[in-house]
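I opened my notebook to record what I looked up in this structure. The entries follow in the order I made them.

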Protein chains: 2
Amino acid sequence: MLSKKAKYGLKAMFYLGKHFGKGPVLISDLAEEENIPKKFLELILLELKKNGLLYSKMGKGGGYSLSKSPEEITVGQVVRILDGPLAPIPCVSKTAYMKCAECDNEKTCEIRKIMMQVRDASAAILDHTSLMEAPKAIFSVNRKSK
Amino acid sequence: MLSKKAKYGLKAMFYLGKHFGKGPVLISDLAEEENIPKKFLELILLELKKNGLLYSKMGKGGGYSLSKSPEEITVGQVVRILDGPLAPIPCVSKTAYMKCAECDNEKTCEIRKIMMQVRDASAAILDHTSLMEAPKAIFSVNRKSK
DNA sequence: TATATATTCTATCGAATTAGTAGTTTATTT
DNA sequence: AAATAAACTACTAATTCGATAGAATATATA
């Protein structure tokens with residue numbers, strides 16, 4: 001499940017994507033426009049900033065803006081920062097791999113094989129969808145064998 | 001993230017799949033073989049039984065077995081019972097749809113469009129992978145447009 | 001330099017979820 | 001009746017989620 005945090009974060013990022021090049025946006029405005037609890041949004045934007053996706057400026061005339069163009073920021077990046085790895089289980093994560101405590105033979109683990117496919121499919125979609133092209137459905141899943 | 005509950009449940013189901021046709025399996029044996037806390041496993045098996053995936057018998061000579069052949073049970077079914085809908089957000093779930101509280105225009109919601117793709121990709125994999133064919137990689141994700 | 005503005009930081013909090021455990025009850029076989 | 005094994009009920013500790021509160025810091029401008 002996508003957390004509210006990630007959902008709010010994505011909303012904010014899309015909003016900032018639409019405003020890209022038009023100067024900084026205030027947290028307050030963003031919160032009101034997108035119906036996000038302001039204080040919660042503060043933390044979210046800060047986290048996205050610390051991970052290099054946002055630029056901010058304090059004081060009058062300040063606010064938040066994307067640190068690069070919307071085409072260069074993917075939904076996958078945002079989700080990973082706010083919700084952690086896309087992988088359903090740590091042992092199939094490419095960005096945060098961790099061996100299963102119990103599992104002795106990773107090669108033969110059925111669960112791992114399936115979840116690997118799920119991870120790959122999800123990552124393929126989320127990592128190739130930027131804040132610009134988001135609305136387009138650019139992927140499909142095709143049956144191969146059997 | 002796949003919960004431990006679902007992970008244990010899948011392990012148990014694969015185990016029962018391998019023992020299909022060889023008589024009932026004891027919770028105790030299953031718990032020990034697969035390194036699952038016995039009491040926790042009890043609850044899991046009960047839930048899978050109540051949802052029609054397992055058959056059980058009390059008393060001596062009793063135990064658990066699949067209620068149908070392993071080919072007929074998919075990983076998706078097991079995960080949905082134990083962890084709920086596959087969809088990352090309720091508004092893209094086919095089995096447990098729920099409108100987003102805030103969202104006024106579902107058609108134009110970017111997040112929804114992306115998560116719909118993720119759901120479809122995940123469901124395609126999990127719903128077409130049975131307890132038998134689990135180890136095979138039968139799907140791939142192909143880029144379409146752009 | 002004082003003031004207003006806006007982000008940043010630290011801390012806390014209630015509710016829900018997760019991952020179990022304990023103990024009792026019921027059904028079944030011998 | 002005794003042994004066996006699942007079924008049921010009820011907790012609980014620890015963590016995560018979704019926030020909120022208030023103070024600190026940086027920046028612009030008058």
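I began with A:Gly59: one of its backbone N or O atoms sits 3.4 Å from a sugar or linking oxygen of DNA strand C. I count this as a polar contact (a pair of N or O atoms within 3.5 Å; within protein, one must be able to donate a hydrogen and the other to accept it, and residues adjacent in sequence count only if both atoms are side-chain atoms).

Before going on, I noted the ground rules. This is a predicted model, where local features need pLDDT of at least 70, side-chain atom pairs count only at pLDDT 80 or more, and totals for chains, interfaces and linings use all residues. Residues are numbered from 1 along each chain as its sequence is written, chains are lettered from A and ligands numbered from 1 in the order written, and side-chain values use heavy atoms, leaving out hydrogens and water.

Next I checked chain B. A polar side-chain atom of B:Tyr8 lies 2.9 Å from a phosphate oxygen of DNA strand C.

Which element gives the largest share of the surface near DNA strand C? I found helix 3 of chain A, with five residues. Helices (H or I, at least four residues) and strands (E, at least two) are DSSP runs, numbered from the N terminus. "Near" means a heavy atom of the residue lies within 4 Å.

I then turned to DNA strand D. An N or O atom in the side chain of B:Lys49 is 2.6 Å from a phosphate oxygen. The side chain of B:Glu42 has an N or O atom 3.3 Å from a base nitrogen. Helix 3 of chain B gives the most to this surface, five residues.

Of the atoms of DNA strand D within 4 Å of the protein, 72% belong to sugar or phosphate.

**Helix 2 of chain A**

Which residues of helix 2 (residues 27-34) of chain A are buried? I listed A:Ile27, A:Leu30 and A:Ala31. Buried means under 20% relative accessible area, exposed over 50%, and partly exposed in between (1.4 Å probe, protein chains only).

Last, I looked past the end of the helix. A:Asn35 follows helix 2 of chain A, and its phi is positive, near 55°.
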